[in-house]
Amino acid sequence: MIIAVAWRNIWRSKTRSLVILIAICLGLASGIFYMAFYKGMVDQRINTAIKTEASHIQIHHKEYLNNPDKKFVIAHADSVIDIIKSVEGVQATSKRILLNTMIQSPTTGSGVKVTGIVPENEKQVTNLYSKLIEGSYFEEGKRNPIIIGKKLAEKLKIKLKSKVVITLQDMEGNMTGASFRVEGIFETSNTVFDEMSVFVRNSDISRVMVMNENSCHEIAVLLDQNDQLETVNQALKKDFPGLDVKTWREIMPEVSMIESSFGITMFIFIGIILLALLFGIINTMLMAVLERTKELGMLMAIGMNKFRVFSMILLETVMLSLFGGICGILLGWALNLYFGVVGIDLGTWSTAYKSMGFDTLVYTKLTMSVTIDIAVMVIITGILAAIYPALKALKLKPADAIRIDM
Amino acid sequence: MTMARWIKHKLKAELGKDYEIMTWDEMDPVTKNMIDADRSGAYITKGILYVLVGFGIFGTVIMMMAERRKEMGIMIAIGMQKSRLSKILFYETTLLGLVGVLAGFAISFPLILYLVYHPVPLTGETAKAYEQFGFEPAMYFSAQWFVFARQVLIIFIITMTVYIYPLVKTYKIKLINALHS
């Protein structure tokens with residue numbers, strides 16, 4: 001009964017209600033859309049970080065991350081891998097030999113991180129093979145193949161099938177080098193990664209380095225799901241007390257930070273929008289109460305109790321806010337769904353975002369739980385906005401209110 | 001920025017034959033692009049807020065017109081020209097916006113001034129990540145005059161847009177109806 005009355009009251013002054021409704025709708029729609037945009041961007045960054053760069057968990061020698069020296073190897077890598085594979089939740093592993101060194105083309109040189117991989121294992125852990133824009137991914141038979149990033153290829157002015165020389169120290173400390181032929185060129189969304197990383201076959205690099213085939217510097221572990229990160233991390237830590245087990249959050253703190261700060265930032269943003277709307281709603285409802293002084297007085301005089309008057313005003317405000325809020329959420333979702341398929345091209349700003357590792361085509365993304373959070377925030381805003389006008393209404397004295405000359 | 005361009009131009013005229021002269025943003029386009037990208041994000045945020053503020057003012061002005069219909073009717077009836085009436089309303093809307101902006105300054109200025117001299121230091125993971133991107137691990141604030149001047153200008157534009165409503169309304173006012181409302 002009260003609800004029906006309250007709903008009808010909203011539409012008594014159409015222009016006024018529509019103005020505040022449009023304001024709420026636009027405000028929330030833009031807020032939600034902005035949120036979806038960033039959520040999409042952050043998710044894509046995390047996805048790249050896990051799928052292409054860091055994997056879920058990395059295992060090193062205790063000293064390696066502090067001092068990336070080639071002598072800090074994981075010995076008996078194969079038996080370690082066997083144990084890792086027996087842990088529940090582990091999808092795939094890949095052992096890698098890492099080396100920071102110089103790469104030279106006929107024209108110029110550059111410092112790079114050489115990663116020696118076992119192609120068939122690496123393929124299960126990282127999706128680098130799908131990022132190739134030219135050439136192929138370690139096809140059998142060719143001697144000393146190397147895969148480099150597009151950015152590095154541009155820097156070294158080399159093409160597919162060009163020869164590059166990697167200079168390095170072998171395990172005894174002798175300077176040596178080997179020439180590799182470019183077999184593939186990849187391009188990820190992270191230009192720094194593209195410039196700094198090259199990939200060779202594990203067997204090739206260990207031969208050049210005179211290194212034991214069964215040792216490696218890093219074992220990357222891919223899990224079935226990101227949710228299992230902590231449990232698997234703990235299990236592996238217990239299995240290998242002598243090794244350094246780290247999750248991608250520890251290995252790439254900057255990506256982890258983007259994820260953790262994202263939620264807070266977005267809720268502050270939505271909070272500011274709602275704060276601005278709050279005053280608009282208060283203004284509208286205050287008017288609604290003031291222009292109905294006589295009517296409210298009459299209602300009280302014929303026996304409507306204070307609680308009902310209060311709840312009527314409260315309901316009116318909450319319904320007004322929620323109606324606008326739902327319109328806004330629907331509009332925001334519609335935009336989100338559309339741009340989730342089409343994607344937003346960052347255009348002019350792509351250089352900046354690529355250098356920080358973000359994709360330049362952003363697919364918006366929203367979750368149901370965030371939407372519900374926002375809806376709850378809208379309801380709270382409505383209740384807050386209702387308090388002052390409703391108290392104003394309660395203070396009316398029926399005897400005076402009826403006689404007031406409007 | 002413009003200063004750098006201007007000096008570059010002058011230097012180029014004198015030394016351009018023998019040397020290549022570049023400003024910092026030409027040498028480091030990525031950083032320049034990052035700054036621009038960050039700014040464009042802030043523009044969107046501010047744009048959304050301005051739209052909301054605009055609707056807030058619009059709602060107030062609608063109310064103002066509605067509750068003063070009778071008053072305006074009487075004013076016109078006793079001989080006030082509609083142009084003068086709309087002029088009053090013009091001042092009212094402008095003052096409304098201006099007072100709001102000044103109140104906003106009064107609240108934010110002391111805070112900003114404090115933060116300019118006491119940047120918020122960042123700690124832990126956030127600080128590490130900032131350093132990784134080549135930023136100092138602190139949040140700095142600026143209290144340059146154009147930060148404030150821009151708000152005045154934008155709010156002025158918003159109020160001018162909103163003013164269209166009372167302007168049209170006053171000229172369309174029907175004396176008889178207004179007096180009887």
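Predicted model: local features only at pLDDT ≥ 70, side-chain atom pairs only at ≥ 80, totals over all residues.
Local features are described only where pLDDT is at least 70 and side-chain atom pairs only at pLDDT 80 or more, whereas totals for chains, interfaces and linings use all residues. Residues are numbered from 1 along each chain as its sequence is written, and chains are lettered from A, with ligands numbered from 1, in the order in which they are written.

**Figure 1. Overall form of chain A.** Chain A contains 15 helices and 12 strands, where helices (H or I, at least four residues) and strands (E, at least two) are DSSP runs numbered from the N terminus. Its radius of gyration is 31 Å, well over the 22 Å that the globule rule gives for 406 residues, so chain A is more spread out than a compact globule. The radius is taken over C-alpha atoms, and the rule is 2.2 Å times the number of residues to the power 0.38. Along the principal axes, the C-alpha atoms of chain A occupy a box of roughly 105 × 45 × 30 Å. Of the 406 residues in chain A, 42% are buried; a residue is buried if 20 or more other C-beta atoms lie within 10 Å of its own, exposed if 12 or fewer, and partly exposed in between, with C-beta atoms placed from the backbone.

**Figure 2. The two assigned domains of chain A.** Domain 1 of chain A comprises 2-49 + 256-403, and domain 2 comprises 63-241; these bounds come from an automatic or database domain assignment. The C-alpha centres of the two domains lie 50 Å apart. Across the boundary, 7 residues of domain 1 of chain A are in contact with 6 residues of domain 2 of chain A, a contact being a pair of residues whose C-beta atoms, placed from the backbone, lie within 7 Å. The side of domain 1 that touches domain 2 in chain A consists of 1 nonpolar, 4 polar and 2 charged residues. Here Ala, Val, Leu, Ile, Met, Phe, Trp, Tyr, Cys and Pro count as nonpolar, Asp, Glu, Lys and Arg as charged, and the others, Gly among them, as polar.

**Figure 3. The contact between chains A and B.** Chain A gives 32 residues to this contact and chain B gives 27 residues. On the side of chain A that touches chain B, the elements giving two or more residues are helix 2 (14-54), helix 10 (253-290) and helix 13 (350-355) of chain A. Helix 10 of chain A provides the largest share, 15 residues. By class, this side of chain A holds 19 nonpolar, 11 polar and 2 charged residues.

**Figure 4. Chain B.** The pattern of chain B along the sequence is α-α-α-α-α-β-α-β-α-α, with 8 helices and 2 strands. Chain B has a radius of gyration of 25 Å, well over the 16 Å that the globule rule gives for 181 residues, so it is more spread out than a compact globule. The C-alpha trace of chain B spans about 80 × 50 × 25 Å along its principal axes, and 13% of the 181 residues count as buried.

**Figure 5. Helix 11 of chain A and its surroundings.** Helix 11 (residues 293-301) of chain A has Leu296(A), Gly297(A), Leu299(A) and Met300(A) buried. Seen down the axis of helix 11 of chain A, these buried residues fall within an arc of 160°, so they line one face of the helix; the arc is that of the directions from the helix axis to the C-beta atoms. Their cover includes helix 12 (306-342), helix 14 (368-394) and helix 15 (398-403) of chain A. Ala301(A), also in helix 11 of chain A, is partly exposed, with 13 C-beta neighbours inside 10 Å. Apart from its neighbours within four places in sequence, Ala301(A) is in contact with Pro398(A) and Ile402(A). Ala301(A) and Ile402(A) are 101 residues apart in sequence, yet 8.4 Å apart in space, C-alpha to C-alpha. Just after helix 11 of chain A, Gly303(A) has a positive phi of about 105°.

**Figure 6. Loop residues of chain A with positive phi.** Ser55(A), in the loop between helix 2 and strand 1 (57-61) of chain A, has a phi near 65°, a positive value in a residue other than glycine. Ser55(A) is buried, with 25 C-beta neighbours inside 10 Å. Asn144(A) lies in the loop between strand 4 (132-135) and strand 5 (145-149) of chain A and has a positive phi of about 45°, although it is not a glycine. Asn144(A) is partly exposed, with 18 other C-beta atoms within 10 Å.

Key. Contact = placed C-beta atoms within 7 Å.
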